[in-house]
Amino acid sequence: GTFSTGTRFDDSDALVAPFPSGTGTLAASSKTPDFLARLRYENREHGNIQLVGLLRPTMSINNRGDANPAARYENSVTGWGVQLSGTYRVTERDNIFGRIVYGDGIGRYLGATSNGQGFVSNALTAGVTPSQFRMNTVPVFALAGGFTHFWTPTLRTNVLYTWAKLDYPSYVRNFTNTGRSVLNSVIQAGNVNLIWSPIPRVDVGVEYNYAQRDLEVALTDG
């Protein structure tokens, strides 16, 4: 979870940070386990395809420790996601693979998007009153695809491209520079490698990576 000041909570652990009033703490936690289900079809000759569903029942934040009862706040959100992925053997030496993901609040399950964005909140934004507090999951749409070519039984090349789009509530425009700096709107990356496996379980190779990210809100320092 990400807050205005750049404070970040692991959305599965109960952690605390100073509340703006200075009289209490803000805690974030996940009160229930996440649930996943997978349906997979495997064909030894051609490849596989699988559908995965995810449910994150409860991600919560609260400042029940605030000394002022009128300033206390508590809220929770539910996350979910679906993923369709698969591989296909084109020839004896060529495999293609792909993945499409859509979710709301899937956080660390799509870690390339700013270390995972499960939710955002304006709870640490200066001047925000308890009645104005918000906690919102972050919708994500992501794609990945590529192929593997075996030059020899022990020498192969992988090419991969990934792309993800995140959507945020309008109040993130009031976040500080530190908070804005982790709010990727679009993040994409590509890589290509050459890997040699001289013996089983030993890989030696070279890889080129390129990544680009566009922020949801421009930073004040440009």
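Visitor: Why is Phe-141 called partly exposed?

Guide: This is a predicted model, and in it Phe-141 has a relative accessible area of 33%. Buried would need under 20% and exposed over 50%, so Phe-141 counts as partly exposed.

Visitor: And what makes Trp-163 partly exposed?

Guide: Here the relative accessible area is 24%.

Visitor: Why are the rings of Phe-141 and Trp-163 called an edge-to-face pair?

Guide: Take it in two steps. Their centres are 5.9 Å apart, and rings pair if the centres lie within 6.5 Å. Then look at the planes: they sit at 75°, and over 60 counts as edge-to-face. So the pair is edge-to-face.

Visitor: What parts of the chain does that pair tie together?

Guide: Phe-141 lies in strand β10 and Trp-163 in strand β11, so the pair joins parts that are 22 residues apart in sequence.

Visitor: How do you know that β10 and β11 pair?

Guide: At least two bridges are needed for two strands to pair. β10 and β11 have 12 bridges, in the antiparallel sense, and in one spot Phe-141 stands opposite Lys-165 of β11. The two strands form a hairpin, with 2 residues between them.

Visitor: What about β10 and strand β7?

Guide: They pair too, over 11 bridges in the antiparallel sense. Arg-99 stands opposite Ala-144 in β10.

Visitor: How do you know that Phe-3 is buried?

Guide: Its relative accessible area is 0%, and buried means under 20%. So Phe-3 is buried. Phe-119 has 1% relative accessibility, so Phe-119 counts as buried too.

Visitor: Where do Phe-3 and Phe-119 sit?

Guide: Phe-3 is in strand β1 and Phe-119 in strand β8, 116 residues apart. β1 and β8 run parallel and are joined by 2 bridges. That meets the requirement of at least two bridges. In β8, Ser-121 is the bridge partner of Phe-3.

Visitor: Why is β1 called an edge strand?

Guide: The open sheet has 3 strands in the order β1-β8-β9, with mixed pairing. β1 and β9 each pair on one side only, and they are the edge strands.

Visitor: Which residues touch the most other members of the largest nonpolar core?

Guide: That core has 18 residues, and among those touching the most other members are Ile-106, Val-120 and Tyr-168. The elements giving two or more residues to this core are β10 and β11.

Key: Residues are numbered from 1 along each chain as its sequence is written. This is a predicted model: local features need pLDDT of at least 70, side-chain atom pairs count only at pLDDT 80 or more; totals for chains, interfaces and linings use all residues. Side-chain values use heavy atoms; hydrogens and water are left out. A nonpolar core is a set of buried Ala, Val, Leu, Ile, Met, Phe, Trp, Tyr and Cys residues joined through side-chain atoms within 4.5 Å. Buried means under 20% relative accessible area, exposed over 50%, partly exposed in between (1.4 Å probe, protein chains only). Helices (H or I, at least four residues) and strands (E, at least two) are DSSP runs, numbered from the N terminus. Rings of Phe, Tyr and Trp (its six-membered ring) pair if their centres lie within 6.5 Å; planes under 30 degrees apart count as stacked, over 60 as edge-to-face and the rest as tilted.
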